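Morning, everyone. Please have the sequence and the structure open while I talk.

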Amino acid sequence: MGLLALGTALEWPEAKKRADQVREWGIKQLLEIWNKAKGKERDALLWGDEVEYLVVNYTKDNEKVYLSLRQAEILKALAADKDLEGGCVPALQETDTKKSTSLPVFHPEFGRFMLEATPGKPWGIGFKELLGVEPDMKLRRKIAKEHMLSSEYPITLTTYPRIGAPGQFTDPYYPPSGDRLRSQFVPDEIANPHIRFPTLAANIRSRRGRKVQVNVPIFHDKNTPNPWKDPTVNYDLHKFPEDDDVRNGAAPDNFIHMDAMAFGMGSCCLQITFQAKNINEGRTLYDQLSPLGPIMLALTAATPIYKGFLAGTDVRWNQISRAVDCRTPEELGEKPLKNDRWRIPKSRYASNSTYISLDHRLRQEYMDPDLVFDPKIKTELINGGMDDRLATHFAHLFIRDPIVIFEEDLQELDLTKTDHFENIQSTNWQHMRFKPPPAENNIGWRVEFRSMEIQVTDFENAAFSVFMVLVTRAILSFDLNFYIPIKKVDENMERAHNLDAVLNDKFYFRKNVFPSRPSRANTVFGDDNAATNGNSNNNGGPGSRPGSRYPSRPGSPGAGPVELEYAEMSIDEIINGSADGEFPGLVPIVESYLDSVNVDVETRCELATYLSLISKRASGELDTAARWIRRFVAAHPAYKQDSVVGDDINHDLIGAVIALCEREAAGRNFAGLGIPGLSKLLGKFRGGCGDEEAEEAEERPEVNGAPAAAA
Ligand code: ADP
Ligand code: MG
Ligand code: MG
Ligand code: MG
Ligand code: MG
Ligand code: MG
C-alpha cells in the first residue's frame, strides 16, 4: 500500500457524498485493468511474504515494557542508511518492485509501534530459493534492530499483551481519549500519524455511528470472578458523545472490552502473495486456498492475551474484524432499512464470501445463496466484458463505501491509475485477496493468503510461508480440489477462534481432494507448472500415479449431494492424514509432491524441518504460540490464576520472546535459555538437518523453574 497520496482527507459526512463517484471511477479503472490484463500469460511463479513486527521498549531491570511509537524515526533511519542504499526504501514511499537489490523493504503500518518487512524482491519458485526465506527474515529483523535504540526490539507477537491496559504502555506517554479514536483506553497518538490512518479510524467510527466494539471473552481461570466485569472500563467519562457507548451496554459481562481500531489493526500477521501464470490460475488458487484459511489460522494460533487479560480465544481474526466494522445499525439489521441499501452479514474485515474460479468442479451449491452484491455494478462489469462469476465477486466488494477519500483525487478520472479501485479493494480485508495487475508495471495476477498469525521466531514464520508455497505447488500440480460450501469456511473461521481449536475442534473439510480422473487429462487450464519451476518430471500427481499410495478414486464431480463431499475433521487429520487412511493429509500430499520433482537431498532435508514443525503443531506434539504463552503465564510466580497478565508477567514474557529471537539470530539452539515449555514450542531440531548443536540440545534437560527473562 503506497502512502504518497497526500491532500485533503474528507471527514465522513463529506466522504459519504463522494462514495458513488469513487465506486464509479473504481469500476472504470477495474475494467481498464481487466481489458488490458485478462489475457496476460506466462507470468513467472513468484511469491512473497509480509512479516509484521511490534516495536517494544524493553530493559531487563524496568518491569514496565512500552510500545515504542518511533515507527517514523526508525523508517527514516533505515532510509538514511547509506549501506542500505537502494535496499530498504525510504519510509512512506511507494514500493518500487523494479529495484535490483534484494535487500529487504520496510513499510509503515497502522500502529505507530509497528513495522512491516518484505523481501526486496519476490521469491522465485526454485527449491533452493525456499531456503533463502528464513535467512532473509532473520536479516530483516537484524536490520530493523540495528536502526532502533538499544532498548528497542522488533518482536513478532500478534498483539501486545498489555495494549490499552491502565497506566503507561506507550513510549512516549500520551493520555487516552483523543478526538480521532475517542477511545477510553488508547491515545490517538498510537496510530500512524499519516493522515490516512487517523482518518480511516475516525470515519469508520462516524459511519458506524458509535465506537467500534471489540469484545473478547475472558478466559475463566480458578480465581477469575464469574461473572467477570472488565475492571478497566470507565463508565463515568463525559468528554465525547461516544463515551455513552459503555453506558449503553457496549461492555457486557465476561468480555474484555476494547473500543478502537488500534486493538485490531495493531495486530501483526503473516501474509503470503502468489503470482499466478495467468488469471485463470490465479482464480483457481484463490478458490483452492480459501478453505485452508481457517485451518491455517487455527494452526498458527498466537493471540491469547488482550489488554492485560487472558482471553477465552486463541486468534486475532475476529478482533480485527470488529475493530474496523463500519456497518451502520441498519446494515447490521438492528434497525429497518431506510437510508442504507442493504443488510450486510459481515464486517469489511472477514472471511471471503465468494469463489471466483471458472473450474467446472465449482458447484453452485458451494456459493453463498445470500451473497450481497451491487447489481448495478455487476451489470456494468458484465457489459464491460467480465464474466458473471468475477463480476459478482467485485460487485460484492463494491457494496462497501470508500472510507478515506482525498478531495484532490476526485478532480479528474485517470484511467492509467488504479487508485479508486484500490481504495475499495484494499479496505475489503478478506482472508483471501485477488490482486489484479497494478497499472504501471509488469506484474501479473496475484492471490494473497491473509489468515495466518505471525509466529514468535523466523524459523516458524519461514516454515509456515514455505509450507503454503508447497501447498500451492501441490494444488496446481495435482489439480487438487478443496471445495466445500463457502458458508462452511465461515463456520470454520469461527471455530478457529476457540481455545486450542487446533486440538479440540473439528473443521469441515473435503473428503476426496483428488481429481477423479488423472489430473493431467483433467486439468482445466493446462499444466506447465513443472516446466516453470525447472523440474520436468511432474507426473500428474498422486491421483494418476501407478503404485502411488493415493489410488484414483471414483466419483465424478457434480454428482450426488454436496453434504456427502465433506466431513468434520480435526486439524491433525487435515494436516497429517486420518488414522483410517481415508484422508491423506496436507503434509503427506506435499511430501508426495516433493517426491514427484527433483529436489536435492540437502534441500529436501531442510524442507523436512519445516514440514515437521507443521505436522507436530497439528498433532499437538508441539505447542502453538497461544498455548505456549498460556503455559508461560500459568507458570509465572506472579500469576494468581485470575486471568490477569500484569506488568511483571508481561515483562518476562516479552523478555523471553526477545531472548528467543536473539538466540535465533546468533544461529544457536534454544537450550539453556530457561524458558518454560520452549522445546514444546519449537521442537528439538530446528533449522537444519543433523545439526550437532541441536542434537546436543535434545540431550540437555530443559530448565523448568521460574521463567527467566532475556538471560
Ligand atoms: P500488500 O501490503 O498490499 O499486501 P506488499 O507490497 O506489502 O503488499 O507485499 C506483498 C508481497 O508480495 C511482498 O512479499 C512482495 O515481495 C510480494 N510481491 C511483489 N511483487 C510480486 C509479484 N509480482 N508476484 C508475487 N509476489 C509479489
Ligand atoms: Mg498492506
Ligand atoms: Mg504489505
Ligand atoms: Mg501489513
Ligand atoms: Mg506470536
Ligand atoms: Mg498484504
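Let me begin with a question. Which helices do the buried residues of H10 pack against? They pack against helix H1, residues 12-37, and helix H11, residues 388-397. Before I go on, one caution: this is a predicted model.

Stay with H10. This helix runs over residues 375-383, and its buried residues are Ile377, Lys378 and Leu381. Those three cover an arc of only 100° around the axis, so they sit on the same side of H10. Now turn to the other side of H10. Lys376 and Asn383 are exposed there. Note the two lysines. Lys378 is buried, whereas Lys376 is exposed.

Now the two ends. At the start of H10, look at Asp374. One of its side-chain oxygens comes within 3.0 Å of the backbone nitrogen of Lys376. After H10 comes Gly385, with a positive phi near 105°.

On to H11. How many of the 10 residues of H11 are buried? Eight are, so H11 is largely enclosed by the rest of the structure. The buried residues run from Leu390, Ala391 and Thr392 through His393, Phe394 and Ala395 to His396 and Leu397. What covers them? The cover includes H1, helix H7 (279-289) and H10. It also includes helix H12 (419-425), strand E13 (429-430) and strand E14 (432-435).

His396 is touched by Ser353. Ser353 lies in the loop between strand E12, residues 349-350, and H10. Is Ser353 buried or exposed? Ser353 is buried, at a relative accessible area of 8%. Besides His396, Ser353 touches Lys346, Asp368, Leu371, Gln430 and Ile486, leaving out residues up to four places away in sequence. With Lys346 there is a polar contact, side chain to side chain, at 2.7 Å.

Compare another loop residue, His238. Look between strand E7 (214-217) and strand E8 (255-258). His238 counts as exposed, at 63% relative accessibility. Neighbours within four places in sequence aside, it is in contact with Asp243 and Arg247. The side chains of His238 and Arg247 make a polar contact of 3.4 Å.

Next, the ligand. How many residues surround ligand 1? The count is 16, and the closest are Asp49, Glu50, Glu116, Gln275 and Lys435. By class, six are nonpolar, four are polar and six are charged.

Gln275 puts a polar side-chain atom 2.7 Å from a nitrogen of ligand 1. Lys435 has a polar side-chain atom 3.0 Å from an oxygen of ligand 1. Glu448 likewise has a polar side-chain atom 3.0 Å from an oxygen of the ligand. Taken alone, ligand 1 exposes 570 Å², and the protein buries 85% of that.

Which elements build the shell? E1 gives the most, with four residues.

Some backbone details now. There is a cis peptide bond between Asp171 and Pro172, with omega about 0°. Pro172 is in the loop between strand E6 (170-171) and helix H5 (196-208). Arg182 is also found in the loop between E6 and H5. Its phi is positive, near 55°, and Arg182 is not a glycine. Arg182 is buried, with a relative accessible area of 16%.

A cis bond also joins Asn226 to Pro227, with omega near 5°. Pro227 belongs to the loop between E7 and E8.

Find it between helix H21 (625-635) and helix H22 (647-665). Gln641 counts as partly exposed, at 27% relative accessibility.

Last, the whole protein. It has 24 helices and 17 strands. Of its 711 residues, 63% count as buried. It exposes about 25700 Å², and carbon and sulfur atoms supply 51% of that. Residues 24 or more positions apart account for 77% of them.

That's the tour. Thank you.

How values were computed. Residues numbered from 1 in each chain as written. Chains lettered and ligands numbered in written order. Predicted model: local features only at pLDDT ≥ 70, side-chain atom pairs only at ≥ 80, totals over all residues. Heavy atoms only, no water. Near = heavy atom within 4 Å. Polar contact = N/O pair within 3.5 Å; in protein donor to acceptor, adjacent residues only side chain to side chain. Areas by Shrake-Rupley, 256 points an atom, 1.4 Å probe, with all protein chains shown as cover. Nonpolar A, V, L, I, M, F, W, Y, C, P; charged D, E, K, R; others polar. Buried < 20%, exposed > 50% of the residue type's maximum accessible area, 1.4 Å probe, protein only. Arc of directions from axis to C-beta. Contact = heavy atoms within 4.5 Å.
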